[in-house]
Amino acid sequence: MKAEAKVGLLFLGSLILVVGFAYVMGIITPFSNNKSLNVRYNYAGGLEEGSPVRVMGIKVGKVRRIEFEPGFKTKNDEEVKLRVEIDVEKKAWASIRKDSKFFINLAGVIGEKFLEISPGSTNAEEFSSGDSVRGEDPPRIDQLISQSYGLAGKIIELVNKNEGSISNVIAQLDKLTTNFNKTLILLDKTSKNKDMARLLDNAIKISDDVAYLTGNLRSKKAEDTYALVQKLLFRLEPLDGPAIKKFFQEEGVKAKISF
Amino acid sequence: MMGVISDAGKVVIFFFRILGVWKRKSISSQLMFEQIWKVTMQSALTTGMAGFFVGAIMTIQFTMQMKDFGALGYLGGLATSTTIREVGPLLIAFMLAGKVGAFTSAELGTMRVTEQIDAIRCLGADPIQELVLPRFIAIVISSFFLLGLGLLLSIFGGILLGEVFSGVSFEEYLRHIPTIVSLPSILTGLFKCFIFAVVLAVICTYRGYTTTGGAKGVGLAVVKTAVGTMVTIVIADWVTSLLADITLRAVLGT
Amino acid sequence: MFEHFVSFTEMTTHAIFSAFRPPVRIKESFQQLYFVANQSLIIIVFCVCFAAMVTILESSFHMRLVVQNDSMVPGFAAMLILRELGAVVTALLLTSRVGAGIAAEVGLMQTTEQIDALKMLGIDPVQYLVLPRLFACIFGGMILTIVADLVCIYSAMLVSDMYLGFSPAMFISGMRRFVHFKDLIFSVIKGASFGVVIPLVSCHFGFRCKSGAEGVGLATTNSVVTSSIVIIIIDFVLSYLFTHF
């Protein structure tokens, strides 16, 4: 065999290797029988092109494209500005119905994002390829954390200020309702007026409920819970924004938190 | 295929011949230290540069990955550990194969084809004792030092790039090194360096010593040395890694 | 040092300009490509396979150390292979095999005054000798890098299947998370850049070869060392550049 021919053979071989690699990586899909859907979101929570699409936890496709469409409005006049085009394999197509829900979820150690489709009921219609559907916006972790952080601060403040008085208040409330109860029973006995009786009846019911409630509030279990909540809040208090971020990073959660 | 195997056999025989000469005959320490000094000085700059850049490259690559994890803190330890255990010895040994190995085999080859080696034999001296042995020992010792130097500079390169490229301050970088780089890692790295140094020394002296056929032969000897050392180093890298892994598993009991 | 740099630049620009002038030595170029690519193939595939095994072993060691499990080893190893090891190991092996060979060959022609003879015949030695080798090394570098990358990944897959118990499907899905197709393209770009360096440096030292066996040996050694260093530096620069994409 001539040298040129051997070189050509090697060249072809490397070309085939590249094509094979591209196929394995899912760049080219010559034998695809995929159908596509346009899912619309206002917030995509870090979804990327190439992120997997799962139905009932099984990977059935991936996100092909993410585009911004500023002017788009759904039928009921909601502005949805993000279009996520997904490919779904044929075998899973029948499980996706018009009442399916499209979530964005987080999985794995490094926090890979994926699009989860809940299976629809068989009564609902099937989609046809290329349909547009509104997805469920994921909760924004950054907002959630900043909100809960503010809330935690307020609760700590409250508890710290009134630590002694809260239990006092509960005890006194309990005493008060018992007294009130007694008074009401007394009143019931003395008064025979029908309207009055009904009113008092209601009042007794209410106060019974209150007594039950406060009784529960004072139970051992509730006391434990209070102690636990207070401990938790106490531990949360010294953490500032960056520290929470670091804590999450140490836990291996890929959270894009901005403070 | 047969050629490769018989070459390997000849190298091993040559190695034992050198060891035999070393055991039986004395070696002039002055000659040896001269050689050590020469080899080290010649190659220090090249090896240092190679080490520096290898460390820098590894830091860049790891930064890309660590950013996705959000675990940049581990950067120092991980990049250093990988550089010390695997990439550093391999790439720096490749450099040394080019520098020290090729140079020595060219030198010995020139002596052979210009019949200086035969002249030494005519004078009643053993050329292995006079020429090969000092170089062999010098290459083993100074390659070991040079690899160590390269590894140190690779850590330095990693620190610098960590500071400049990935925004990890050098205190942070250094602080995480001891958490991941353990004694076994360093021992593995040093053991690899030693094995590579021996491989390098024996192949280049053998190729130089057995050169034939004028200037063309010298060129060929250098090519063969470079290729042979690199291939053997890659294999030795695998063997030492495997051995280290097995020992580690046995020691840790996992 | 400086003088080397000047004459190297001179030769390079000369080579680039003479590339657009006839005669083009197509047959010789393919002969060189055969020497560079086909004849280095076995040695490179062999070395790269061992490098893959080491990478897998070491990655699993590190993963167990840092995150206590080695589920990310496939992606990690494939990333390291594709971004660094494939191209660099190939290039360094080419340097020692092809680069040193070119330096010895050209150096020998210089010492035996064959190059002067070429000049006498009115043939431009740079165009006659450097260009076919340049062509061969660039294309050979690209082809060999592709082959080395993929063979390396394949053997890493086999090793992780046998030694660490990752099935090929797990390996590929792990790999997909870390590796993109563009990494292969970057790797090929690296291979081509290294392919430019090797013949130019080797021919430069070959042309400046001093007579005698010692001169040839020195030229060969210098060409190997210089190309290796330049390759590592270029690798650093390219890695840095590619992080921006």
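Figure 1. Helices (H or I, at least four residues) and strands (E, at least two) are DSSP runs, counted off from the N terminus. The model is predicted, so to speak of a local feature takes pLDDT of at least 70 and to count a side-chain atom pair takes pLDDT 80 or more, while totals for chains, interfaces and linings use all residues. Residue numbers start from 1 along each chain as its sequence is written, and chains are lettered from A and ligands numbered from 1 in the order in which they are written. Chain C as a whole averages a pLDDT of 86, and 98% of its residues score at least 70. For chain A the average is 76, with 80% of the residues scoring at least 70. For the complex, the predictor reports an ipTM of 0.83 and a pTM of 0.73.

**Figure 2. Chain C on its own: 8 helices and 0 strands.** Going along the sequence, the pattern reads α-α-α-α-α-α-α-α. The C-alpha trace spans about 70 × 35 × 30 Å along its principal axes. Of the 245 residues in chain C, 58% count as buried; that label takes 20 or more other C-beta atoms within 10 Å of a residue's own, 12 or fewer makes it exposed, and anything in between is partly exposed, with C-beta atoms placed from the backbone. Take the contacts in chain C between residues at least 6 apart in sequence, and 87% of them join residues at least 24 apart. A contact, by the way, is two residues whose C-beta atoms, placed from the backbone, lie within 7 Å.

**Figure 3. Helix 1 (residues 2-18) of chain C crosses helix 5 (residues 125-164) of chain C at roughly 85°, with the axes coming within 10 Å.** That angle makes helix 1 of chain C roughly perpendicular to helix 5 of chain C. The cut-offs: under 35 degrees is roughly parallel, over 145 roughly antiparallel, 65 to 115 roughly perpendicular, and the rest oblique. Axes are lines fitted to C-alpha atoms, for helices over the stretch in contact, and angles run from 0 to 180 degrees between N-to-C directions. Helix 1 of chain C brings M11(C), H14(C), A15(C) and S18(C) to the contact, and helix 5 of chain C brings V126(C), Q127(C), V130(C), L131(C) and L134(C). By class, the residues of this contact come out as 6 nonpolar, 3 polar and no charged. Ala, Val, Leu, Ile, Met, Phe, Trp, Tyr, Cys and Pro count as nonpolar, Asp, Glu, Lys and Arg as charged, and the others, Gly among them, as polar.

**Figure 4. A look at T112(C), in the loop between helix 3 (73-111) and helix 4 (114-120) of chain C.** T112(C) is partly exposed, because 14 other C-beta atoms lie within 10 Å. T112(C) and S211(C) sit 99 residues apart in sequence, with 7.8 Å between their C-alpha atoms.

**Figure 5. In chain B, the axes of helix 1 (residues 2-24) of chain B and helix 7 (residues 183-209) of chain B cross at roughly 100° and come within 10 Å.** So helix 1 of chain B is roughly perpendicular to helix 7 of chain B. V11(B), F14(B) and F15(B) of helix 1 of chain B meet V202(B), I203(B) and Y206(B) of helix 7 of chain B. The tally for this contact is 6 nonpolar, no polar and no charged residues. Chain B has 8 helices and 0 strands, and 53% of its 254 residues are buried.

**Figure 6. Where chain B meets chain C, 50 residues of chain B are in contact with 46 residues of chain C.** On the chain B side, helix 2 (29-69), helix 3 (75-113) and helix 8 (214-252) of chain B are the elements that give two or more residues. Helix 8 of chain B gives the most, with 19 residues. That side of chain B has 31 nonpolar, 12 polar and 7 charged residues.

**Figure 7. L200(B) and M230(B) touch the most other members of the largest nonpolar core, which has 166 residues.** A nonpolar core is a set of buried Ala, Val, Leu, Ile, Met, Phe, Trp, Tyr and Cys residues joined through C-beta atoms within 7 Å. Leaving out residues up to four places away in sequence, L200(B) touches L96(B), A97(B), V100(B), G101(B), I139(B), S143(B) and T229(B). Another core, of 17 residues, lies apart from the largest one and includes A44(A), V55(A), V60(A) and I96(A).

Conventions: pLDDT = per-residue confidence, 0-100.
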